[in-house]
Amino acid sequence: MHINKFKKTGKEIKIHYENKAFPYTKECKDDNKQLNYLLLVFFIVVAFSLMPANFITMIIKEKINNSKHLMKTSGVSIVSYWLANYIFELLKYYIIGGIALLIIWAFDAYADYLYVLYILYGPSVVAFTYLLSYTFSTEFKAQIGIIVANCLLGALLSALIMLLRTEESLAHIAEIIAYFLRLIPSFSFGYGYNLLINKVLVLMADEPENYLDILNDEGDKNTMIKMKYIGTDILMLTLEFVIYLTIMIIIEYKQNTFEVVSDGQLANDGVNDSLVLDEIKKANLTDEEALLLNNNENHEQNPNQNQNENQNGT
């Protein structure tokens with residue numbers, strides 16, 4: 001307290017003072033920073049979770065309006081179709097995600113090895129989204145389903161598991177749950193980012209006695225990339241890309257493989273639609289039989305015209 005003026009004139013006293021609170025300690029600043037990081041990562045992961053909703057739109061649309069079928073019948077191979085779509089969606093992700101990464105870096109929210117998660121998240125989430133496209137029949141349902149699934153599993157659950165992970169008594173349970181949830185690419189990305197940016201809280205829960213030594217050890221800067229931390233997320237993102245892509249290839253192979261039949265045999269196993277069966281029969285006719293059938297159909301459709309032609313002929 002500083003008294004700048006003290007005058008006594010009769011019973012009147014005037015006092016001017018200034019009061020300054022104690023500044024935040026480094027520990028308080030670090031605690032506030034970690035809490036802000038939890039919210040920051042949540043919204044960033046939400047943004048990255050919205051990208052797959054854009055990937056699935058065109059795939060569903062081409063399936064509904066038969067554009068995919070038209071391209072296949074026009075000679076486009078199924079490999080070329082999926083490869084072109086995959087590369088296009090991957091380029092969109094890397095451009096948009098790269099801009100987001102620059103913004104994260106500009107606002108001092110970048111963490112070491114985040115670029116690894118950024119690179120691996122794209123291929124795995126595109127493959128995962130393509131695989132889920134087989135379960136949707138409309139664009140609206142596909143977009144809503146992908147957004148809800150990625151936001152809940154990627155953003156919300158990754159933040160929740162991270163909160164459990166920083167509690168020493170619950171850390172082991174959170175690790176076990178995280179192993180199963182890592183099957184979702186958005187969760188692996190969100191949880192890995194949380195581990196990186198909140199490494200102080202994580203190390204305090206795992207190594208309460210010597211976490212400061214680990215943080216200050218210049219020779220151990222690669223602690224967070226170990227399998228106990230984001231190493232598992234990196235491995236899972238790589239495996240998910242391979243596994244989901246393989247499953248999609250198997251599904252496409254089965255959908256585009258037809259049974260080779262001999263002459264006179266109809267490939268109608270499992271077909272109950274009468275119209276489809278009629279078309280199968282027509283496809284198996286010889287040229288002479290097809291011509292005769294066509295003449296008979298024309299005669300049945302225009303009996304009066306045929307009768308008039310016969311009368312005119314006589």
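The largest cavity is lined by Arg165, Glu175, Ala178, Tyr179, Arg182, Tyr191, Leu195, Lys228 and Tyr229. The model is predicted, with local features requiring pLDDT of at least 70 and side-chain atom pairs pLDDT 80 or more, while totals for chains, interfaces and linings use all residues. Residues are numbered from 1 along each chain as its sequence is written, and side-chain values use heavy atoms, without hydrogens or water.

A cavity is a set of points, on a 1 Å grid over the protein atoms alone, where a 1.4 Å probe fits but cannot get out; lining residues have an atom within 4 Å of a point. The structure holds 1 cavity of 30 Å³ or more. Volume here is the space filled by probe spheres set on the points, which are joined across faces, edges and corners. Helices α6 (171–181), α7 and α10 each provide at least two lining residues. The most come from α6, with 3 residues. By class, the lining has 5 nonpolar, no polar and 4 charged residues. Nonpolar covers Ala, Val, Leu, Ile, Met, Phe, Trp, Tyr, Cys and Pro; charged covers Asp, Glu, Lys and Arg; the others, Gly among them, are polar. Helices are DSSP runs of H or I of at least four residues, numbered from the N terminus.

Helices α7 (residues 185–197) and α10 (residues 227–255) also pack against each other. Their axes come within 9 Å and cross at roughly 165 degrees. Helix α7 is therefore roughly antiparallel to α10. Axes are lines fitted to C-alpha atoms over the stretch in contact, with angles from 0 to 180 degrees between N-to-C directions. Angles over 145 degrees count as roughly antiparallel, and those under 35 as roughly parallel. The crossing of α7 over α10 is left-handed, a term for a near helix turned anticlockwise from the far one by less than a right angle. On the α7 side, the contact comprises Pro185, Ser188, Tyr191, Gly192, Leu195 and Leu196. Helix α10 contributes Tyr229, Ile230, Asp233, Met236, Leu237, Glu240 and Tyr244. Contact means heavy atoms within 4.5 Å. The contact residues comprise 9 nonpolar, 2 polar and 2 charged.

Helix α4 (residues 114–132) packs against α10 at about 25 degrees, with the axes 8 Å apart. The two helices are therefore roughly parallel. Their crossing is left-handed. Residues of α4 in the contact include Leu117, Leu120, Tyr121 and Phe128. Those of α10 include Leu237, Phe241, Tyr244 and Met248. The contact divides into 17 nonpolar, 2 polar and 2 charged residues.

Helix α4 packs against α7 as well, at about 170 degrees and with axes 9 Å apart. This angle makes α4 roughly antiparallel to α7. Again, α4 passes α7 in a left-handed crossing. Leu114, Leu117, Tyr118, Tyr121, Ser124, Val125 and Phe128 of α4 meet Pro185, Ser186, Phe189, Gly192, Tyr193 and Leu196 of α7. This contact has 10 nonpolar, 3 polar and no charged residues.

A pocket is an open set of points with protein on both sides within 12 Å along at least five of seven lines.

Methods
Angles under 35 degrees count as roughly parallel, over 145 as roughly antiparallel, 65 to 115 as roughly perpendicular and the rest as oblique.
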